[in-house]
Amino acid sequence: MPLPLYLLAMAVFAMGTSEFMLAGLLPDIASDLDVPVATAGTLSSAFAVGMIVGAPLVAALARTWPKRPSLFGFILTFAAAHAVGAVTTSFPILFTTRVVAALANAGFLAVALTATATLVSPEKKGRALAVLLSGTTVATIAGVPGGSVLGTLLGWRTTFWAVAALCLPAALGILKAIPAGRDEDGATGRPALRAELAQLTSQPLILVMLLGALVNAATFASLTFLAPVVTASAGLGELWISVALVLFGAGSFVGVTVAGRLSDRRPGPVLAVGGPLLLIGWPALAMLANMPVALFILVFVQGALSFALGSTLITRVLYEAAGAPTMAGSYATAALNVGAAVGPVIAAASLSTEAGTLGPLWASGLLVAVALLIAFPLLTAITAGRSTEVPR
């Protein structure tokens with residue numbers, strides 16, 4: 001895999017850390033800025049909504065821009081938003097920085113996803129995507145727990161500064177490694193924006209976007225509320241929450257890596273085998289959550305299966321949206337973040353049911369079941385027609 005791909009993954013690591021780190025920082029932010037914890041929690045919603053809206057919007061605005069200055073501008077904006085957030089004493093300003101950071105993240109990821117496809121040969125697109133998404137999985141392994149520890153020891157503002165600092169080497173690397181100038185095909189060689197948006201009427205594209213959103217919703221439904229499962233259901237101390245998060249992140253890294261080698265050539269088996277296993281795993285985790293060893297094993301397995309299926313479906317989005325070369329990445333980004341926004345809402349509602357803290361695990365199982373009911377009658381359509389056209 002080419003060096004620029006790993007530099008993009010480094011930036012995705014910083015952005016993934018930012019997206020997930022607030023879970024461990026909200027009480028301190030609320031206390032420092034004198035707002036209720038529930039109000040501080042809207043910072044996460046602001047980021048998710050910014051990603052959903054920002055991905056297609058920013059991608060449309062930046063579709064004729066050269067990739068290198070676009071990526072460089074997005075990552076500097078992201079870093080600047082965190083620097084402002086680190087020094088502000090105003091909650092409205094902090095809220096605004098989260099929206100700005102989300103828009104920059106959405107734009108970066110949308111451009112990076114399409115840029116990734118141009119850095120490798122067509123048959124390696126899935127593997128390249130796995131490298132890019134490994135930045136997110138490594139964030140769940142190291143970035144999020146590390147940010148939580150840093151925030152505990154030195155305050156939440158230090159974590160914001162750390163994320164901003166992580167962006168700088170990636171930004172310099174992008175300047176040196178991403179080719180300068182416009183793409184070879186130039187702006188005149190691209191379809192009109194209306195034609196790219198018309199791709200959204202394609203049933204196969206809508207289908208894989210829906211499935212990707214459902215699988216990601218299931219993932220974030222349980223990941224967001226994993227802490228009370230560890231402490232309440234398993235009866236473990238708070239230290240074990242970080243252990244569970246690291247295991248989930250390690251599993252996700254394994255899942256993305258393995259699926260990346262299969263999603264181009266054999267997406268069907270990944271979905272046909274991984275889907276039912278993922279469906280079985282969430283209820284199994286709910287029923288065995290009071291057994292710590294089983295809990296940790298299943299957390300790792302579910303992380304692997306969730307990201308294996310999710311990354312495979314996002315690869316299919318890029319294939320199905322090959323006719324929208326500048327917008328394909330934004331469609332994939334939007335699908336991912338619709339799931340990231342909807343999943344925790346569904347999981348939160350399940351907490352008030354008889355299942356209690358285990359509700360999110362059952363909700364995840366239900367979301368995967370819906371995805372499988374939709375997918376299996378149309379499995380051939382989802383996995384057929386590997387496109388030889390690569391978004392550029």
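The model is a predicted one. Its secondary structure comes to 17 helices and 0 strands. Of the 392 residues in the protein, 56% are buried. The accessible surface is about 15300 Å², and carbon and sulfur atoms account for 71% of that area.

| Nonpolar core | Size | Residues, among them |
|---|---|---|
| Largest core | 65 residues | Ile29, Phe108 and Phe160 |
| Another core, apart from it | 39 residues | Leu211, Val256, Ala284 and Val368 |

In the largest core, Ile29, Phe108 and Phe160 have the most contacts inside it. Helix α6 (residues 91-119) gives the most to this core, with 12 residues. Leaving aside residues up to four places away in sequence, Phe108 touches Leu8, Ala11, Val12, Met15, Leu71, Phe74, Ile75 and Ile174.

Val256, listed for the core of 39 residues, also takes part in the contact between helices α12 and α14. How do these two helices meet? The axes of α12 (residues 239-260) and α14 (residues 292-320) come within 6 Å and cross at roughly 40 degrees, and the crossing is right-handed. Contact residues of α12 include Trp240, Leu247 and Phe248, while those of α14 include Phe296, Phe300 and Phe307. By type, the residues of this contact divide into 15 nonpolar, 7 polar and no charged.

Definitions and conventions: Residues are numbered from 1 along each chain as its sequence is written. This is a predicted model: local features need pLDDT of at least 70, side-chain atom pairs count only at pLDDT 80 or more; totals for chains, interfaces and linings use all residues. Side-chain values use heavy atoms; hydrogens and water are left out. Axes are lines fitted to C-alpha atoms, for helices over the stretch in contact, and angles run from 0 to 180 degrees between N-to-C directions. Helices (H or I, at least four residues) and strands (E, at least two) are DSSP runs, numbered from the N terminus. A crossing is left-handed if the near helix is turned anticlockwise from the far one by less than a right angle, and right-handed if clockwise. Contact means heavy atoms within 4.5 Å. Ala, Val, Leu, Ile, Met, Phe, Trp, Tyr, Cys and Pro count as nonpolar, Asp, Glu, Lys and Arg as charged, and the others, Gly among them, as polar. A nonpolar core is a set of buried Ala, Val, Leu, Ile, Met, Phe, Trp, Tyr and Cys residues joined through side-chain atoms within 4.5 Å. Buried means under 20% relative accessible area, exposed over 50%, partly exposed in between (1.4 Å probe, protein chains only). Accessible areas come from the Shrake-Rupley method with a 1.4 Å probe; for residues, only the protein chains shown count as cover.
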